[in-house]
Amino acid sequence: MKLHVEDLAARRGEDLIFQHISLVLQAGEGLVVTGANGSGKSTFLRVLSGLLPVDAGRVRLEGAGSDNLAESSHYLGHRNAMKRELTVSENLVFWQDFMGDSPGGRGLPVEVAIDALGLSGIGHLPFGYLSAGQQRRMAMARLLVAFRPVWLLDEPTAALDASADRMFAGLVRGHLEQGGIVVAATHQPLGIDGVRELRMTGFAGVFAEAGY
Ligand SMILES: Nc1ncnc2c1ncn2[C@@H]1O[C@H](COP(=O)(O)OP(=O)(O)OP(=O)(O)O)[C@@H](O)[C@H]1O
């Protein structure tokens, strides 16, 4: 599997946010997207996920079940995309049924995913009752209940404590080891060695190899 980003540019309204971003990510590779507030990290992820149109260039996925990145990826945005009134388990069952698995992998049972996120015993609670950090952990469980080869993550560790940070780094590492691809916008290190860095500078992206 390879993710190709070719001379990509995007606008918000009339404003050009970035241009000329080209990169290739292979199976097992991670990319962190860094930069100041407003530099275009979320815009980049939303364009990859198909939520925003490209202004120029293209995004292409090769060697996955579908060449459509939107179909072959999980997008975890700033919001957790869970219904407050439904329980944790009900929310995850919904996402599992709604998304199904991409070819080439199988999602974990909901209860197993809840355990993997360190939230055993609260699956019966309405999502709205959970703390901000618990809610973020539950949103991450969505990554596990339906298989997608590519994870697109916007500030995944916001509101997480140190132990949840480490747990999340373990999830990402596991996904990469299984040949997945992860692109994560972040203000804080994810604690994963060997991932590449795309530094957003406004109107462009600059590459660096980072021991992130
Ligand atoms: N709907 C919109 N219309 C016009 N401009 C927008 C819109 N949404 C965002 N922008 C602008 O696009 C630019 C990039 O925003 P983006 O959210 O991608 O930045 P970011 O790097 O993710 O920021 P942060 O670190 O604060 O999350 C910002 O200058 C923002 O004001």
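Author: Gladly, and please keep in mind that this is a predicted model. In the shell around the ligand, the largest share comes from α1, which gives 3 residues.

Reader: Okay, and which residues come nearest to the ligand?
Author: There are 13 residues around the ligand, and of these Arg12, Asn37, Lys41, Ser42 and Thr43 come nearest. The elements that give two or more residues to this shell are β2, covering 15-26, and α1, covering 41-48.

Reader: How many of the shell residues are nonpolar, polar or charged?
Author: The shell around the ligand divides by class into 8 polar, 3 charged and 2 nonpolar residues.

Reader: Switching topic, what domains does the protein chain have?
Author: The domain assignment gives domain 1, made of 1-72 together with 149-212, and domain 2, which is 83-147. Their contact takes 13 residues from domain 1 and 11 residues from domain 2, and on the domain 1 side the largest share, 4 residues, comes from helix α5 (residues 162-177).

Reader: And what classes of residue make up that side of domain 1?
Author: The side of domain 1 that touches domain 2 has 10 nonpolar residues, along with 2 polar and 1 charged.

Reader: One more: how do α2 and α4 cross?
Author: The axes of helix α2 (residues 88-99) and helix α4 (residues 132-145) come within 9 Å and cross at roughly 35°, and the crossing is right-handed.

Reader: Which residues meet there?
Author: From α2 they are Val88, Leu92, Trp95 and Gln96, which meet Met138, Ala141, Arg142 and Val145 in α4. By class, this contact has 6 nonpolar, 1 polar and 1 charged residues.

Conventions
Residues numbered from 1 in each chain as written. Predicted model: local features only at pLDDT ≥ 70, side-chain atom pairs only at ≥ 80, totals over all residues. Near = placed C-beta within 6 Å. Nonpolar A, V, L, I, M, F, W, Y, C, P; charged D, E, K, R; others polar. Domains from an automatic or database assignment. Contact = placed C-beta atoms within 7 Å. Axes fitted to C-alpha atoms, helices over the stretch in contact; angles between N-to-C directions. Left-handed = near helix turned anticlockwise from the far one by under 90°.
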